[in-house]
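Subject: Structure handover

Hi there,

Here is the structure I promised to send you.

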Amino acid sequence: MSTKIFPEVIDDGHEPHRRLAWRLNCSEELIDACSKGLGVPEWISSKHIDQVKEEIDALNKARQSAKNLARHLSRLDPESQQLLVQAGCITMYQIDKLAEELGRDIGQLDKFRATHPRPGGRNPAAYAVAKLVHRAFRVLGKPITWGVFEGSPSTEYGQTVDYAFGLFGIDSDWRRPAEAVRSEYLRRQMKTSNAIAAFKANQFKEN
């Protein structure tokens with residue numbers, strides 16, 4: 001996979017986690033644990049996903065060109081093909097291998113994009129970081145409250161989401177992701193509570 005699309009980090013890549021841990025007065029290990037399964041924010045931003053799509057388009061063109069070249073070479077007689085090989089030109093096997101490798105890269109990038117959809121044009125990185133902050137607040141027992149004053153967050157939860165966006169270089173408004181993650185969790189809680197209540201009611205009837 002191209003390092004142009006998924007470059008290696010210069011440092012250990014944990015500086016945002018360290019600074020977020022410092023702000024929340026907790027360990028870096030706790031922030032690491034809360035980030036599990038959320039993906040790398042720098043790789044799932046809207047800008048990066050658009051770059052991945054551009055890379056897929058370029059690889060598809062290259063793969064099609066390789067297939068076209070293979071088709072034209074296959075139309076040559078065996079003697080002409082052998083002359084090209086002797087002259088140091090690319091062989092049919094090499095072309096087929098190139099097309100195969102390009103197809104494998106395209107499949108991996110397609111899978112990556114499918115794993116990080118953008119419904120409504122949302123920025124997956126923003127929602128991932130908001131979820132990271134939400135998890136950390138739950139573990140630390142901090143209040144997850146919502147408030148805005150003159151366009152800026154007025155609660156610690158919102159302020160931390162906004163701060164975390166800056167740490168990860170996310171160019172997105174903090175409000176919608178922070179509220180969406182909070183609302184999603186409250187809905188899951190309500191669903192769980194209703195299921196438990198229904199189970200207890202059935203148990204009571206049976207007794």
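Helix H6 (residues 124-140) and helix H7 (residues 156-167) have axes that come within 9 Å and cross at roughly 135°. That angle makes H6 oblique to H7 (under 35 degrees counts as roughly parallel, over 145 as roughly antiparallel, 65 to 115 as roughly perpendicular and the rest as oblique). Axes here are lines fitted to C-alpha atoms, for helices over the stretch in contact, with angles running from 0 to 180 degrees between N-to-C directions. Helices are DSSP runs of H or I with at least four residues, numbered from the N terminus.

Before going on, please note that this is a predicted model, in which local features need pLDDT of at least 70 and side-chain atom pairs count only at pLDDT 80 or more, while totals for chains, interfaces and linings use all residues. Residues are numbered from 1 along each chain as its sequence is written, and side-chain values use heavy atoms, leaving out hydrogens and water.

On the H6 side, the contact (heavy atoms within 4.5 Å) involves Ala126, Val129, Ala130, Val133, His134 and Phe137. H7 contributes Glu156, Tyr157, Thr160, Val161, Ala164 and Phe165.

The other pair is helix H3 (residues 46-74) with helix H5 (residues 92-115), whose axes come within 9 Å and cross at roughly 155°. H3 is therefore roughly antiparallel to H5, and their crossing is left-handed.

Leu73 lies in H3. With a relative accessible area of 14%, Leu73 is buried (under 20%; exposed is over 50%, and partly exposed is in between, using a 1.4 Å probe and protein chains only). Leaving aside residues up to four places away in sequence, Leu73 touches Gln81, Leu84, Ile90, Met92 and Ile95. Leu73 and Met92 are 19 residues apart along the chain, and their C-alpha atoms are separated by 7.4 Å.

What about disulfides (pairs of cysteine sulfur atoms within 2.5 Å)? The structure holds zero. Cys26 is in none, as its nearest cysteine sulfur, that of Cys34, is 7.6 Å away; that is too far for a bond. Cys26 counts as buried at 18% relative accessibility, and Cys34 counts as buried at 6%.

Best wishes

How values were computed. Disulfide = S-S within 2.5 Å. Helix = DSSP H or I, 4+ residues; strand = E, 2+ residues; numbered from the N terminus. Left-handed = near helix turned anticlockwise from the far one by under 90°.
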